[in-house]
Structures are given as C-alpha cells and as structure tokens.
Amino acid sequence: MVELEPIIGRYLTLSIAGRDHRIYFEEAGQGTPLVCLHTAGAHSSQFRHLMCDPAVTDRFRVMAFDLPWHGKSTPPPGWQDEEYLLTSDFYVAAVIAFLDALELDKPVVMGCSMGGRVVIRLAVEHSQRMQAVIGLEGSDRPAPWYDNSWTDHPDFVNGDFCVGLVSGLCAPQSPDEFRWETLWHYYQGGTGVFKGDMHFFRTDSDYTANSADIDTALCPVYLMTGEYDYSCTPEATIRTADRIPGAEAIIMKEVGHFPMSENPTAFRAYLLPVLDSIQART
Amino acid sequence: MIEQLASKVNANPALVRRGRRLSIEFLIEIGERAFHVTVEQGRIAGVEEGPFIMRAWSFAIRAPEAVWEKFWQPHPDPGFQDIFAMNRFGHCRVEGDINILLCHLRYVKDVLATPRRPRIGDNSDG
C-alpha cells in the first residue's frame with residue numbers, strides 16, 4: 001500500500017471584485033486555519049512541506065490557494081485579450097473572499113514575498129478578522145532591484161528567464177532538491193503572470209502610510225526574512241517592524257527568499273516558535 | 001578560479017546543452033585583470049586575458065578580486081551568492097548588452113558559478 005500524503009486539493013468559484021474566478025486550494029491538518037499565500041509567479045505547492053509536518057498540522061488547518069492566473073486556478077474567461085495586472089485592492093479582495101467562502105474563523109494568514117507584503121494591508125484593514133499575520137520575506141514598501149520594463153519582451157517570455165532572475169534568491173545552503181523544486185514553480189508560471197504580479201509588488205503596495213496603524217494587540221505581526229534575500233532584504237524587514245509598534249522581526253540564517261520551499265527544515269525551526277507564540281496569546 | 005572556467009564548463013554536458021543556442025563574447029573583470037570569454041554553442045571556446053584594445057564584447061561583469069573570491073566560496077556570504085545580489089548591493093557592475101545576458105541568464109549565471117563547485121552536472125541540475 002502506498003503512503004498517501006495528507007494534502008487534499010479542491011476547487012471553488014470565488015467572486016472577486018465583481019467577477020467569478022475558479023480557484024484551486026489545498027489543505028491539510030485540523031485546528032486554527034493557517035492560510036498561506038504564495039510568491040509572485042508561483043503557486044500553492046510552495047507550502048507542501050508545511051502541510052506534511054505533523055508539528056503544524058496537529059494544531060493548524062494549513063490551507064493555500066492559487067491566485068487567479070496561478071497554478072491550477074483558471075484565468076477568468078476573456079483572459080486571452082487581457083494584460084494581467086495584480087492590484088493591491090484585488091489581492092486583498094481575493095484573500096477576504098477566500099476567508100469568507102470557507103467561513104474561516106480568526107485565521108492566521110501567512111504570505112511570502114508579495115504575500116508577505118499584502119499581509120500588512122490585511123492587518124491594517126482586517127485585524128478583527130485575523131488571529132495574526134506572518135510576513136515571510138515581507139515589508140511594507142516596494143524596493144525594486146532591477147529594471148523590469150523589458151520582462152514582457154518576447155525574448156524573455158519563457159520560464160528559463162524567470163528562473164534565472166530568481167535563482168540567486170535561494171540560499172546556497174538550501175538543499176539542491178528543494179532549491180530546484182522551488183525554481184520549477186517559476187518554470188510553470190504562465191506568460192506575463194510574473195510581470196503582472198510585479199505590478200502589485202513594485203508599484204501598488206506601499207503601505208508605509210498606514211502600517212503603523214496596525215493594532216498588534218489585536219492582530220500580532222511577525223516578519224520573518226532570510227539573510228540571503230536581496231529582494232526583500234533583512235534591513236527592509238527590520239525597518240518595517242520598526243514602523244509597526246509591537247511587530248516582531250526575525251532574521252533567518254542560511255535561508256533565502258523562499259523559506260518554506262527551499263529549505264523546509266531550516267524554516268520550521270524558526271516557524272514553530274512563532275506558531276507557539278501565536279497560540280499562547282489566545 | 002577563472003583559469004578553470006573553460007575546462008569545467010566544457011566538462012558539464014548539461015550546462016553546454018543549456019547554452020547550445022548561445023554564441024557570444026563577454027568580459028569578466030577581476031580587479032584590474034580583464035578576461036575575454038568566447039562562448040560557441042554553449043562551449044567555452046576561449047578565455048583570454050587582457051589588456052585589450054578595442055576588443056568587442058556583449059556584456060561585462062566587473063568586480064574587485066576580493067568580491068569574486070567571496071562569490072566563488074562554496075557558501076558565499078549573504079549578498080555575494082549571485083551576480084544580481086552583488087549588483088544590487090554595489091559589489092559588482094553588470095554593463096553592456098543586458099538583453100542578451102537576460103535571454104541566457106540561467107546559463108550565464110551557471111557558467112559564472114562553475115568555479116564554485118566541482119561540476120554543476122553532478123547535482124540535480126542535470
């Protein structure tokens with residue numbers, strides 16, 4: 001008898017910003033909902049290790065959905081004539097629609113990279129709804145580190161380029177198997193989707209004017225960043241935490257921009273105490 | 001380390017295959033020393049040390065010797081693990097025809113990192 005992983009995948013249709021989107025999500029475990037948001041141009045498989053870790057799933061219902069245009073979620077009808085551009089409003093609406101549809105009570109929301117950015121706005125505007133937010137490789141301010149005006153040029157519209165672009169964001173210490181699986185997610189991305197996500201990440205997600213308003217007594221904020229991340233640097237994370245009274249910044253050794261997928265063993269050593277801390281506050 | 005570039009790349013079939021559509025000349029500067037690298041269909045056809053007078057190249061990657069030493073460590077320090085990291089933090093300069101560099105970014109990055117490891121093809125890259 002083969003051993004099946006505990007992860008179960010389902011589909012549902014969410015109305016986001018007045019338009020129906022067929023969404024894929026997967027989950028494992030029982031307990032407090034822990035909703036995970038993937039990075040730009042990738043999908044929910046980034047969280048597969050977390051979903052197979054009994055130290056997490058014994059007490060958390062770990063869930064991750066693919067944003068529209070990502071992974072197994074379908075782009076909306078008519079997509080073939082559209083330019084995909086992720087906005088801050090749409091991203092927040094998508095997360096809230098997911099929480100509403102599945103009637104998730106006081107979830108912990110944990111996002112990575114652009115997901116680590118959007119949790120800041122979620123905490124600003126929806127702190128009553130959430131038990132805590134965890135921003136992985138997250139900050140409250142865009143800090144573009146390369147010119148991306150050419151990234152929709154036909155010469156670059158292929159997965160190899162995206163992989164080349166982000167490959168150095170993995171820490172050298174991360175196991176080859178998981179580093180390359182992480183990069184495979186970038187090979188899988190649809191044409192133009194990474195750039196569309198960058199619209200949010202680079203130009204439509206400066207939350208510095210409001211991040212200090214977060215009531216961390218109501219919704220604790222944890223910001224966890226790998227020391228090898230040069231997209232969201234440890235310094236950017238610490239500056240963000242400094243702006244949010246009560247926020248905690250944790251810099252992870254020998255980890256890069258994709259902690260949960262590039263080095264799950266190193267990541268869990270940092271994450272489990274954070275989950276303990278969140279549970280201890282309730 | 002640069003002296004091993006051609007032999008190590010050419011001994012790595014997976015890397016040569018990745019660059020099979022690329023024939024190009026580029027420049028690596030290690031401090032004051034310039035190295036002109038010729039790629040022919042993914043193989044390193046030559047690495048020639050300057051000085052050069054009006055030698056053509058598509059793009060150049062320039063950094064002090066101490067930076068390349070850090071870059072080629074098995075586990076480089078944060079900020080030195082990747083040419084884009086080094087570029088962001090001002091440790092190196094990436095100049096010239098960025099278009100061709102980006103078109104073959106994974107290949108070029110793997111070539112530059114080759115002195116770091118015995119053979120890239122020995123891991124899951126293959």
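This is a predicted model: local features need pLDDT of at least 70, side-chain atom pairs count only at pLDDT 80 or more; totals for chains, interfaces and linings use all residues.
## Chain A as a whole

Let's start with the big picture. Chain A holds 10 helices and 8 strands. Its C-alpha trace spans about 50 × 45 × 40 Å along the principal axes. For 282 residues, a compact globule would have a radius of gyration near 19 Å, and the 17 Å found for chain A agrees with that.

What about the inside? Of the 282 residues in chain A, 51% are buried. Take the contacts in chain A between residues at least 6 apart in sequence: 76% of these join residues at least 24 apart.

## Helix H5 of chain A

Helix H5 of chain A covers residues 159-166. With 6 of its 8 residues buried, H5(A) is largely enclosed by the rest of the structure. The buried ones are A:Phe161, A:Cys162, A:Val163, A:Gly164, A:Leu165 and A:Val166.

So what do those buried residues of H5(A) pack against? On the chain A side there are H6 and helix H7 (193-203), and from chain B come H5 and H6. The next two sections take one partner from each chain.

## H5 meets H6 within chain A

Two packed helices are described by the angle between their axes and the distance between the axes. For H5(A) and helix H6 of chain A (residues 176-187), the axes come within 8 Å and cross at roughly 135 degrees. That angle makes H5(A) oblique to H6(A), and the crossing is right-handed.

Here's who touches whom. From H5(A) come A:Gly159, A:Cys162, A:Val163 and A:Val166, while H6(A) brings A:Leu183, A:Tyr186 and A:Tyr187. Sorted by class, this contact has 6 nonpolar residues, 1 polar residue and no charged ones.

## Where the two chains touch

Now for the interface: 18 residues of chain B are in contact with 19 residues of chain A. On the chain B side, the elements giving two or more residues are helix H4 (83-88), H5 and helix H6 (105-113). The chain B residues that touch chain A divide into 8 nonpolar, 6 polar and 4 charged.

One piece of this meeting is H5(A) with H6(B), whose axes come within 7 Å and cross at roughly 40 degrees. These two helices are therefore oblique to each other. H5(A) supplies A:Asp160, A:Phe161, A:Val163, A:Gly164 and A:Leu165, and H6(B) supplies B:Leu105, B:Arg106 and B:Lys109. By class, that comes to 4 nonpolar, 1 polar and 3 charged residues.

## A closer look at B:Ile100

B:Ile100 sits in helix H5 of chain B, which runs over residues 98-103. Is B:Ile100 buried or partly exposed? With 16 other C-beta atoms within 10 Å, B:Ile100 is partly exposed, because a buried residue needs 20 or more and an exposed one has 12 or fewer.

Leaving aside residues up to four places away in sequence, B:Ile100 touches B:Ile24, B:Ser58 and B:Phe59. B:Ile24 is 76 residues away along the chain, yet the C-alpha atoms of B:Ile100 and B:Ile24 are separated by 8.8 Å.

Most residues other than glycine have a negative phi, and most peptide bonds are trans. Which residues go the other way here? A:Trp69 is one of them: its phi is positive, about 80 degrees, although it is not a glycine. A:Trp69 is found in the loop between strand E4 (60-65) and helix H3 (88-101) of chain A. With 22 other C-beta atoms within 10 Å, A:Trp69 is buried.

A:Glu254 also has a positive phi, near 55 degrees. A:Glu254 counts as partly exposed, with 15 C-beta neighbours inside 10 Å.

Chain B has a peptide bond worth a look too: the one from B:Gly50 to B:Pro51 is cis, with omega near 10 degrees. B:Pro51 lies in the loop between strand E3 (43-49) and strand E4 (59-63) of chain B.

Methods:
Residues are numbered from 1 along each chain as its sequence is written. Chains are lettered from A and ligands numbered from 1 in the order in which they are written. Helices (H or I, at least four residues) and strands (E, at least two) are DSSP runs, numbered from the N terminus. Two residues are in contact if their C-beta atoms, placed from the backbone, lie within 7 Å. Axes are lines fitted to C-alpha atoms, for helices over the stretch in contact, and angles run from 0 to 180 degrees between N-to-C directions. Angles under 35 degrees count as roughly parallel, over 145 as roughly antiparallel, 65 to 115 as roughly perpendicular and the rest as oblique. A crossing is left-handed if the near helix is turned anticlockwise from the far one by less than a right angle, and right-handed if clockwise. Ala, Val, Leu, Ile, Met, Phe, Trp, Tyr, Cys and Pro count as nonpolar, Asp, Glu, Lys and Arg as charged, and the others, Gly among them, as polar. The radius of gyration is taken over C-alpha atoms; the globule rule is 2.2 Å times the number of residues to the power 0.38.
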